Amino acid sequence: YHKDFVREQFKKYFGNGYLYEKKEEQLYCDNCNLFLADRYILGVCPKCGSSIKGDECEKCGSLLEIKDVKNTRCAICGGKTSINETKNLYFSLSKFQSNIRELVNSNKNNWRENAILFTERYLKEGIPDRCASRSLNWGIDIPITGYESKKIYGWFENVWGYVTASKKYCEDKKIDWENYWKRGKDNKIYLVHAKDNIPFHTVIFPSLLLATNDNYKLPDKIISDEYITIEGEKLSKSKGNYF
């Protein structure tokens, strides 16, 4: 149910002109014979020098382009990465810069301070376009000709789970799901998460909603919690300070 819905939204992004093809160099593990998804890349944050996994630094909160991560290696085998050329679909997040600015300005009293500060930082730096496809053997198939072997990047589909879960429930209960998600209805949308997920909920998700041109309401309340820390570090199983 979720996969079918997401594929329909992806086709809307494409039809509305928010997806474009880009040839680029992508990290590759020769040992694993695999283009590496972000979660399988270890490296060093180019902004603060912290060890990171993927495209986000938990230490300084930066959302990074993988090509900018330093000293990359494969998280599967630990080996060094090489660079091979591939093509991907990019989502034009930059086109929604003014929309996100308006969203932040109109919700100063509704969002946690950390969400406002994080989002304003991204706006100040300029919201970059983001790669929306991945070279994976699992995930949701891309319904665009020429990309049958690729999958939709997780953050461009999993936030839609908020909609598909409530939509499916409403359909089963014979309730109009649009009363909860569309503009002009008596509704409020709350998004609750940890602060490392702020940009995905304040930048990416609202942009995806707008990109459908389907009259979606943007989130009212952003409740973004801080980390539980020990000796200044986030509790993390992968870092070994939490079990």
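## Charges over rings

The charged end of Arg134 sits over the ring of Tyr153, at 4.0 Å from the ring centre, and in this predicted model the charged end of Lys87 likewise sits over the ring of Tyr147, 5.1 Å from its centre.

## Aromatic pairs

A search of the whole structure finds 16 aromatic pairs. Trp155 and Phe200 form one that is stacked, with 3.9 Å from centre to centre and 10 degrees between the planes. Because Trp155 lies in the loop between β9 (151–152) and α4 while Phe200 belongs to helix α6, this pair ties together parts that are 45 residues apart in sequence. Trp155 is buried, with a relative accessible area of 19%, a value that falls under the 20% limit for a buried residue, and Phe200 is buried as well, at 1%.

Phe5, Trp160, Tyr162, Trp177, Trp181, Phe205 and Tyr216 form one aromatic cluster.

## Helix α4

Just after α4, Lys174 takes a positive phi of about 60 degrees.

## The open sheet

Four strands form an open sheet in the order β2-β1-β6-β7, with antiparallel pairing. Since β2 (34–35) and β7 (130–131) stand at the edges with a single partner strand each, one side of each is left without a neighbour in the sheet. Strands β1 (19–29) and β6 (82–91) pair over 10 bridges, and Glu21 has Leu89 in β6 as its bridge partner.

Conventions
Residues numbered from 1 in each chain as written. Predicted model: local features only at pLDDT ≥ 70, side-chain atom pairs only at ≥ 80, totals over all residues. Heavy atoms only, no water. Helix = DSSP H or I, 4+ residues; strand = E, 2+ residues; numbered from the N terminus. Pairing = 2+ DSSP bridges. Phe/Tyr/Trp six-rings, centres within 6.5 Å; stacked < 30°, edge-to-face > 60°. Buried < 20%, exposed > 50% of the residue type's maximum accessible area, 1.4 Å probe, protein only. Lys NZ or Arg CZ within 6 Å of the ring centre and 35° of its normal.
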